[in-house]
Amino acid sequence: MATIPPRTFEPTAAEDGRNGHIRELSAPPPSAVKVLERKVKAREAKNINEARVVVSVGRGIEKKEDLAIARELADVLGGEIGCTRPISEEMHWLPEELCIGLSGVQIKPDLYVGLGISGQIQHVTGIRNARVICAINKDENAPVFGVADFGIVGDLYSVVPKLVQELKKI
Ligand SMILES: Cc1cc2nc3c(=O)[nH]c(=O)nc-3n(C[C@H](O)[C@H](O)[C@H](O)COP(=O)(O)OP(=O)(O)OC[C@H]3O[C@@H](n4cnc5c(N)ncnc54)[C@H](O)[C@@H]3O)c2cc1C
């Protein structure tokens, strides 16, 4: 069997004549494993796989309260918040469902904006399919600029509020 992450492929055009074929298979033989109980794991955050815009935060954010800066940008762009692993796993500032990358989710938004993210391969793996990648980082040599379509070298604490201010005028 095969599984495909959400939004990996565009839907096929209806007019190409292919409708697919659903085949019912018989149930697998009984297993020695006995299911005692099923519990649905409660989600702490929205599913960012579906988001058209994702504003992702990294260690460049100095304290938890400053996530508000990223939230404001996400709101003005009509998007959702995501993060790097240190933000969810080490700082515990955001739920693990929002971690993007190798050990997190793979996303395919129209626009990804990385704030204070270095662009390590484990994170970039999760954003490769974004249509447009923007990065804001104060280090001009940050690897994220190697994968970004648009980059701003600067301090996110001064760049993001200005960006929000301009976007609000549109
Ligand atoms: C097995 C394994 C799996 C992993 N899986 C994942 C994963 O799924 N997802 C993931 O994200 N990581 C994962 N990681 C961790 C990954 O290797 C990186 O450590 C992590 O992505 C780095 O996060 P970061 O960019 O937030 O932090 P850093 O690498 O510390 O980068 C912070 C960046 O912020 C910039 N900065 C600092 N202050 C400012 C400011 N004021 N304005 C602008 N820029 C600023 C700095 O210049 C720097 O580039 C994994 C690691 C391992 C070993």
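The buried residues of helix 1 (67-77) pack against strand 1 (53-57), strand 2 (80-83), strand 3 (111-115) and helix 4 (156-169). This is a predicted model: local features need pLDDT of at least 70, side-chain atom pairs count only at pLDDT 80 or more, and totals for chains, interfaces and linings use all residues. Residues are numbered from 1 along each chain as its sequence is written.

Helices (H or I, at least four residues) and strands (E, at least two) are DSSP runs, numbered from the N terminus. Contact requires C-beta atoms, placed from the backbone, within 7 Å. A residue is buried if 20 or more other C-beta atoms lie within 10 Å of its own, exposed if 12 or fewer, and partly exposed in between.

In helix 1, Ile69, Ala70, Leu73 and Ala74 are buried. Viewed down the axis, these residues fall within an arc of 135 degrees, so they line one face of the helix; the arc is that of the directions from the helix axis to the C-beta atoms. Just after helix 1, Gly78 has a positive phi of about 70 degrees.

Two strand pairings follow; pairing needs at least two DSSP bridges.

| Strands | Sense | Bridges |
|---|---|---|
| Strand 3 and strand 4 (132-137) | parallel | 5 bridges |
| Strand 4 and strand 5 (150-153) | parallel | 4 bridges |

Leu115 has Ile136 of strand 4 as its bridge partner, and Cys134 stands opposite Phe150 in strand 5.

Around the ligand are 26 residues, of which Gly58, Gly60, Thr84, Gly101 and Ser118 come nearest; a residue is near if its C-beta atom, placed from the backbone, lies within 6 Å. Helix 2 (85-90), helix 3 (121-124), strand 4 and helix 4 each supply at least two residues of this shell.

How values were computed: Contact = placed C-beta atoms within 7 Å.
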